[in-house]
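Please examine the sequence and the three-dimensional structure shown below before reading the report.

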Amino acid sequence: MLTSLMKPTALCLIVVLTVFFSLGSTALALDSDPSAGAMIADTALARPMGIATTIVGCALFVVSTPFSALGGNVKAAYKRLIKEPFVFS
């Protein structure tokens, strides 16, 4: 039973951490003169999370493309799921 709960729990944790670090790194980017700690956090946490977000976004884009095509918003899905995380990374 424990192993059946590990995958959904890990997936939820990954999604929450991805969103959390993506929002937190935006605040770091707005600071005009970041401290050394902020630079370290950006390098060690925010950038790798940006890369991970780009990879997850690519996977979600591939899965959602048929539905986006039906709705006529493939370009918007591409922009939100791939382009914006990639530019941030």
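Predicted model: local features only at pLDDT ≥ 70, side-chain atom pairs only at ≥ 80, totals over all residues.

Residues are numbered from 1 along the chain as its sequence is written, and side-chain values use heavy atoms, without hydrogens and water.

The chain has 3 helices and 0 strands; helices (H or I, at least four residues) and strands (E, at least two) are DSSP runs, numbered from the N terminus. Of its 89 residues, 17% count as buried. Buried means under 20% relative accessible area, exposed over 50%, and partly exposed in between, with a 1.4 Å probe and protein chains only.

Helix 2 covers residues 36-71, and its end C-alpha atoms are only 45 Å apart, short of the 52 Å that a straight helix would reach at 1.5 Å a residue. The expected span is 1.5 Å times one less than the number of residues. At Ser 64 in helix 2 there is a kink of about 55°, shortly before Pro 66; the bend is the angle between axes fitted to the seven residues ending there and the seven starting there.

The structure holds 1 aromatic pair. Phe 61 and Tyr 78 form this edge-to-face pair, with 6.1 Å centre to centre and 70° between the planes. Rings of Phe, Tyr and Trp (its six-membered ring) pair if their centres lie within 6.5 Å; planes under 30 degrees apart count as stacked, over 60 as edge-to-face and the rest as tilted. Phe 61 lies in helix 2 and Tyr 78 in helix 3 (residues 74-88), so the pair ties together parts that are 17 residues apart in sequence.

| Residue | Relative accessibility | Class |
|---|---|---|
| Phe 61 | 15% | buried |
| Tyr 78 | 42% | partly exposed |
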